[in-house]
Amino acid sequence: MARRLDKTQRHRLTKACPEMTGLARLTGEFAQLLTPAEGNDAKLTVWITAVRSTDLPHLHSFTNGLELDRAAVDAGLTTPYHNGRTEGVNTRTKKIMRQMHGRAGFSLLRHRILLQ
């Protein structure tokens with residue numbers, strides 16, 4: 001049900017605003033690149049060229065960020081290896097630290113991490 005509502009709302013937005021049509025298309029194409037596969041680095045180059053030919057300044061900024069560390073981006077899009085589990089642990093640790101508001105030391109932080 002929620003997926004159908006999302007599609008309906010996206011359809012209404014793209015009908016109301018021509019920029020949204022281009023944005024929806026380009027973000028969908030980029031989302032397809034996120035599944036690692038050989039040749040995604042070349043597809044990314046084509047995608048960046050397509051983005052730069054549009055009048056979507058926020059996407060231009062995004063592509064500039066991708067170009068800053070293009071080797072890492074290419075590796076992420078073409079290899080099946082990732083550090084998702086490590087990043088998940090880091091995110092969880094930071095959440096626990098924020099919940100404690102800096103009131104506890106390392107021993108309590110360690111204890112809470114091991115209990116979860």
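Modeller: A residue is called buried when its relative accessible area is under 20%. Keep that cut-off in mind as we walk through this predicted model.

Biologist: Happy to! Why is Trp 47 counted as buried?

Modeller: Its relative accessibility is 4%, and the cut-off is under 20%, so Trp 47 counts as buried.

Biologist: What about Phe 30: buried or exposed?

Modeller: Phe 30 has a relative accessible area of 15%. Buried means under 20%, so Phe 30 is buried.

Biologist: Why is the pair of Phe 30 and Trp 47 called tilted?

Modeller: Pairs with planes under 30 degrees apart are stacked and those over 60 are edge-to-face, with the rest tilted. The planes of Phe 30 and Trp 47 stand at 40°, with the ring centres 4.9 Å apart, so the pair is tilted. Phe 30 lies in helix 2 and Trp 47 in helix 3, so the pair ties together parts 17 residues apart in sequence.

Biologist: How do you know that the buried residues of helix 4 lie on the same side?

Modeller: Those residues are Leu 59, Thr 63 and Leu 66. They cover an arc of only 55° around the axis, which puts them on the same side of helix 4. On the other side, Pro 57, His 58 and Leu 68 are exposed.

Methods: Residues numbered from 1 in each chain as written. Predicted model: local features only at pLDDT ≥ 70, side-chain atom pairs only at ≥ 80, totals over all residues. Heavy atoms only, no water. Buried < 20%, exposed > 50% of the residue type's maximum accessible area, 1.4 Å probe, protein only. Helix = DSSP H or I, 4+ residues; strand = E, 2+ residues; numbered from the N terminus. Arc of directions from axis to C-beta. Phe/Tyr/Trp six-rings, centres within 6.5 Å; stacked < 30°, edge-to-face > 60°.
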